[in-house]
Amino acid sequence: NPSSHYEKEVLAYVDTGSDSIAIPKDVWEELNITSYRATTISVVGGAITAWYTKLNVEFLGKLHKNIIVFYQEVGDVLLGRAVTDNYIITFNGLDSKIIIH
């Protein structure tokens, strides 16, 4: 959290269908996020109102600044294309491996 300087290390799923990052309520609260905005986003089946903020995200040792991160009530951390588009990611289904360059 750039405002509070709180940090948290989390495991995340790579979500190739998402433009941004989603984090669950418990992580949002641990980061002490108090400044956020509402927007309408498109999801499968329609549109919803979602809360978001901008955070710094470190992935594989590289810092990505001011990335839009959405709040979700429950679920896992989802790492979307706001970060992953900076890498070459190969999904090797035969060997069940993900290779990130």
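I count Ala, Val, Leu, Ile, Met, Phe, Trp, Tyr, Cys and Pro as nonpolar, Asp, Glu, Lys and Arg as charged, and the others, Gly among them, as polar.

I note that this is a predicted model, in which local features need pLDDT of at least 70, side-chain atom pairs count only at pLDDT 80 or more, and totals for chains, interfaces and linings use all residues. Residues are numbered from 1 along each chain as its sequence is written, and side-chain values use heavy atoms, with hydrogens and water left out.

Largest pocket. I looked up its volume, which is about 750 Å³. A pocket here is an open set of points on a 1 Å grid over the protein atoms alone, where a 1.4 Å probe fits, with protein on both sides within 12 Å along at least five of seven lines; lining residues have an atom within 4 Å of a point. A volume is the space filled by probe spheres set on the points, which are joined across faces, edges and corners. I found 29 lining residues, with Lys8, Val10, Asn56, Val57 and Glu58 nearest the centre. Strand 4 gives the largest share of this lining, five residues; strands are DSSP runs (E, at least two residues) numbered from the N terminus. By class I recorded 21 nonpolar, four polar and four charged residues in the lining of the largest pocket.

Second largest pocket. I recorded a volume of about 430 Å³. Its lining has 19 residues, and Ser18, Ile41, Ser42, Val43 and Phe70 are the closest to its centre. Strand 4 again gives the most, with four residues. I noted 11 nonpolar, six polar and two charged residues in the lining of the second largest pocket.
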